[in-house]
Amino acid sequence: MPFHRFTPLALIALLGSLLSACAATPAASPPALWGSQWQLQQIGADAVLPQPVATLAFPQAGQAAGHGACNRFFGSVTVEGEQLRFGPLGATKMACMGGVGEQESRYLAALQQAQRHEVQGDTLLIHTQGMDQPLRFTRLPNR
């Protein structure tokens, strides 16, 4: 059996390639989420206001962002199989008037209570603690 000797530089390059390959294809990666964008349709049983549009995006693994209706938000997200958990969400601080502000508060609070998700074609369902029905989204075309 031949024995190969690697120079320290070659060994570092080889290990770097292996680590990159592993990081690029995580075992529990949900390909239906990463790189996707969604428009909120329902908060539980309640339809959302048609304007302004509330969205949710997963720009890359571990990141979430979107538009709550009048404010943009961003934060971390952990996905393990069907389980889905959002980290603390940061948001801009524009004033929201009337029903838009109430809807945004309910939406962001529901995301913080997320427990699991389902992707059914062009529909994303996010099941949250304390709600009988999930948040319902439709897929938006990638930009």
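Biologist: Which residue forms a salt bridge with R116?

Modeller: This is a predicted model. In it, the closest N and O atoms of the pair are 3.6 Å apart. That is within the 4 Å cut-off for a salt bridge. R116 is partly exposed at 34% relative accessible area, and its partner is E118.

Biologist: Which residue meets D46 in a salt bridge?

Modeller: D46 belongs to strand 2, residues 46-47, and its partner to helix 2, so the bridge ties together parts that are 60 residues apart in sequence. D46 is partly exposed at 38%. The N to O distance is 3.1 Å, and the partner is R106.

Biologist: Is R106 itself buried, partly exposed or exposed?

Modeller: Buried would need under 20%, and exposed over 50%. R106 has 34% relative accessibility. That makes R106 partly exposed.

Biologist: How many residues apart in sequence are R139 and D122?

Modeller: Their side chains meet in a salt bridge, 3.5 Å from N to O. R139 lies in strand 9, and D122 in the loop between strand 7 (114-120) and strand 8. R139 is partly exposed at 31%, while D122 is exposed at 52%. The bridge therefore ties together parts whose separation in sequence is 17 residues.

Biologist: How many salt bridges does the count come to?

Modeller: R106 with D46 is one of them. E118 with R116 is another. R139 with D122 also counts. The count comes to three.

Biologist: Which cysteine is joined to C70 by a disulfide?

Modeller: The S to S distance is 1.7 Å, and the cut-off is 2.5 Å. The rule gives a count of one disulfide. The link is right-handed, with 100 degrees about the S-S bond. The partner of C70 is C96.

Biologist: Where does C96 lie?

Modeller: C70 sits in the loop between strand 4 (63-67) and strand 5 (72-80).

Biologist: Which element supplies the largest share of the largest nonpolar core?

Modeller: This core has 24 residues, and L56, F58, F86, Y107 and I126 touch the most other members. Several elements each supply at least two residues, including strand 1 (36-43), strand 3 (55-58) and strand 8 (123-128). The largest share is four residues, from helix 2.

Biologist: How far apart are the end C-alpha atoms of helix 2?

Modeller: Helix 2 has 15 residues. At 1.5 Å a residue, the helix should span 21 Å. The model agrees, with the end C-alpha atoms at a distance of 22 Å.

Biologist: What kind of ring pair do W34 and F58 form?

Modeller: W34 is in the loop between helix 1 (8-24) and strand 1, and F58 is in strand 3. Both are buried. Their ring centres are 6.2 Å apart, and their planes stand at 65 degrees, so the pair is edge-to-face.

Biologist: What angle separates the ring planes of F73 and Y107?

Modeller: F73 lies in strand 5 and Y107 in helix 2, so this pair ties together parts that are 34 residues apart in sequence. F73 is buried, at 2%. The ring centres are 5.9 Å apart, and the pair is edge-to-face because the angle between planes is 80 degrees.

Biologist: Which residue joins W34 and F58 in a cluster of ring pairs?

Modeller: A search of the whole structure finds four aromatic pairs. Ring pairs link W34 and F58 into a cluster with F86.

Note on methods: Residues are numbered from 1 along each chain as its sequence is written. This is a predicted model: local features need pLDDT of at least 70, side-chain atom pairs count only at pLDDT 80 or more; totals for chains, interfaces and linings use all residues. Side-chain values use heavy atoms; hydrogens and water are left out. A nonpolar core is a set of buried Ala, Val, Leu, Ile, Met, Phe, Trp, Tyr and Cys residues joined through side-chain atoms within 4.5 Å. Buried means under 20% relative accessible area, exposed over 50%, partly exposed in between (1.4 Å probe, protein chains only). The expected span of a helix is 1.5 Å times one less than its number of residues. Rings of Phe, Tyr and Trp (its six-membered ring) pair if their centres lie within 6.5 Å; planes under 30 degrees apart count as stacked, over 60 as edge-to-face and the rest as tilted.
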